[in-house]
Amino acid sequence: MSRADRRGMCVSGASDKAVDRFEEALADLLRGTGDPLAGIAAAIADSPAFAMAHALEAYVLLSGLDAGDAGRAGEIVETLRAAACTDREKLHAAAIAAYAAGDLDDAAERLEDVLIEHPRDVLALRQAHLLDLCRGDARSLRDRVARFRYAWAPGLAGYHAVLAMHALGLEECGDLAQAEDLGHEALALEPRDGWAHHAVAHVLEAAGRHEEGIAWTRDAEAARAEDSVLAVHNWWHGALHHLALDQVSEAVAIFDERIRTGGTGGRADLVDASALLWRLALRGVDLGQRWSALAEAWAPSVCDGWYAHSDAHAMMAFVGAGRWDLADQILATMRRRTERGGSNRAMTRDVGLPLARALYAFGRRDHTAAVALLRTLRPLAPRLGGSHVQRDVIDLTLLEAARRDGQMGLLRALAHERLAAKPETALARRYLDAAAGARYAA
Ligand SMILES: [Fe+2]
């Protein structure tokens, strides 16, 4: 007997009680709070043939962008195929199979097929949105939500998440005012929506409103949710606001108190840790033992080659710690990755591997090579995935490599570019002064 979920879509193999558990788990996933896997386990224990509960479990695993979890998600595909009765459930099985095999582009297309027929499938929209984010596809981050928002209205379960997704997409496309409005509208509906809070944090960074950004990442209700999957990332955004204001010791304190010790220890938290330490190192901060602990945390994934964006951040830790053994290993992993299929092949070939080589060269003080590699990959940088502010580490590294290599003409040009984009920060002016021959003090 089939039932309907809270957005009116048929679900196969579920009791009423199992649908309730599924909805609770989905609500956790959409807010980024709690433990969705616990709710899913309860739903499956009650109704083992509940296809969408199996799909939800697979998506939760895949969202971590971790090779081991992707393998576990792949093992769910056969169970899901056997349980899937509706066309929608079968399309989800196809999307998960592609996703688990590393074909992120095909997975996004299958999810788009779901949404064309079922625009209220908020799980499909969220997963496609995350794929757009991890592939650096800003237009789809905005326009995929725009294509399907027509079917939504206040009062539908999950509406806040649709607004939050649209807010981030608008921000990544530069429409900051509308993005901020939608982020706040989402939070008015669901104050614990960590993704809506995150979208506003992005707006404040992009707008150069750093004092507000610091308050936002410290005080908002969603930011204080310690069980949020975005907890560490929220603090990372806060640290970036401090750095924009040259409040370096505050950024280091956030690393020590919130990032090094916080979070799940999952891949996304390690990325944030690397991204912050690398920015601090570019400013000449002595990071002591912080790098070596982070390199140890990255070491188990050195042979995965699952996602170029993660691999590049692992390289930052290996270079920072002086772990050239691991740095050489991950370069070899990434080279092998360019010989296999899947979406990550092109991501690695076009951006991930050149960036990892540039970071390696920078760490070896071969700044000439680092500059050459970074200049070549910069036009293709969105293919690395992530957000604009995450990929800003490429521009920051290029500026510092140009300065250390004495390429003052290039440094002057890059500093003017940054000054135009971020006129509120002192960093661009310092680089401009350095290009003019002034003594540089980070
Ligand atoms: Fe972010």
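What follows is a short chat about this predicted model, from its domains to a few single residues.

Q: How is the chain divided up?
A: There are two domains: domain 1 covers 1–131 and domain 2 covers 279–405.

Q: How far apart are the C-alpha centres of domain 1 and domain 2?
A: Those centres sit 33 Å from each other. At the contact, domain 1 puts in nine residues and domain 2 puts in eight.

Q: Which helices supply the domain 1 side?
A: Helix H4 (67–83) and helix H6 (104–117) each give at least two residues to the side of domain 1 that touches domain 2. By class, that side of domain 1 has five nonpolar residues, three charged and one polar.

Q: OK, on to the core. Which residues touch the most other members of the largest nonpolar core?
A: Phe22, Leu56, Ile96, Met315 and Phe318, out of 160 residues in that core.

Q: Which helix gives the largest share of this core?
A: Helix H15 (residues 267–282), with eleven residues. Domain 1 and domain 2 each contribute at least three residues to this core as well.

Q: What does Met315 touch?
A: Leaving out residues up to four places away in sequence, Met315 touches Ala327, Ile330, Ala356, Leu359 and Tyr360.

Q: Let's switch to H10. How many residues does it have, and what span does it reach?
A: Helix H10 runs over residues 176–189, so to speak 14 residues, and reaches 20 Å from its first C-alpha to its last. That is close to the 20 Å expected at 1.5 Å a residue.

Q: Which residues of H10 are buried?
A: Ala179, Glu180, Leu182, Gly183, Ala186 and Leu187. They end up on the same side of H10 because they cover an arc of only 165 degrees around the axis.

Q: And what do the buried ones pack against?
A: The buried residues of H10 pack against helix H9 (159–172) and helix H11 (194–206). The face of H10 turned away from them carries Ala177 and Ala188, which are exposed.

Q: Now backbone angles. What is phi of Asp246?
A: Phi of Asp246 is near 60 degrees, a positive value, and Asp246 is not a glycine. For background, most residues other than glycine have a negative phi.

Q: Where is Asp246?
A: Asp246 is in the loop between helix H13 (231–244) and helix H14 (248–259). It counts as partly exposed because it has 14 C-beta neighbours inside 10 Å.

Q: What about phi of Arg365?
A: Arg365 also isn't a glycine, and its phi is positive, about 65 degrees. Arg365 lies in the loop between helix H19 (343–363) and helix H20 (367–377).

Q: Why does Arg365 count as exposed?
A: Because Arg365 has 12 C-beta neighbours inside 10 Å, and exposed is the label for 12 or fewer.

Q: Last one: Val229. Buried or exposed?
A: Val229 counts as buried, because it has 24 C-beta neighbours inside 10 Å. Its place is in the loop between helix H12 (210–219) and H13.

Q: Which residues does Val229 touch?
A: Gly32 and Gly194, not counting residues up to four places away in sequence.

Definitions and conventions: Residues numbered from 1 in each chain as written. Predicted model: local features only at pLDDT ≥ 70, side-chain atom pairs only at ≥ 80, totals over all residues. Domains from an automatic or database assignment. Contact = placed C-beta atoms within 7 Å. Helix = DSSP H or I, 4+ residues; strand = E, 2+ residues; numbered from the N terminus. Nonpolar A, V, L, I, M, F, W, Y, C, P; charged D, E, K, R; others polar. Expected span 1.5 Å × (residues − 1). Buried ≥ 20, exposed ≤ 12 C-beta atoms within 10 Å, placed from the backbone. Arc of directions from axis to C-beta. Core = buried A, V, L, I, M, F, W, Y, C linked by C-beta atoms within 7 Å.
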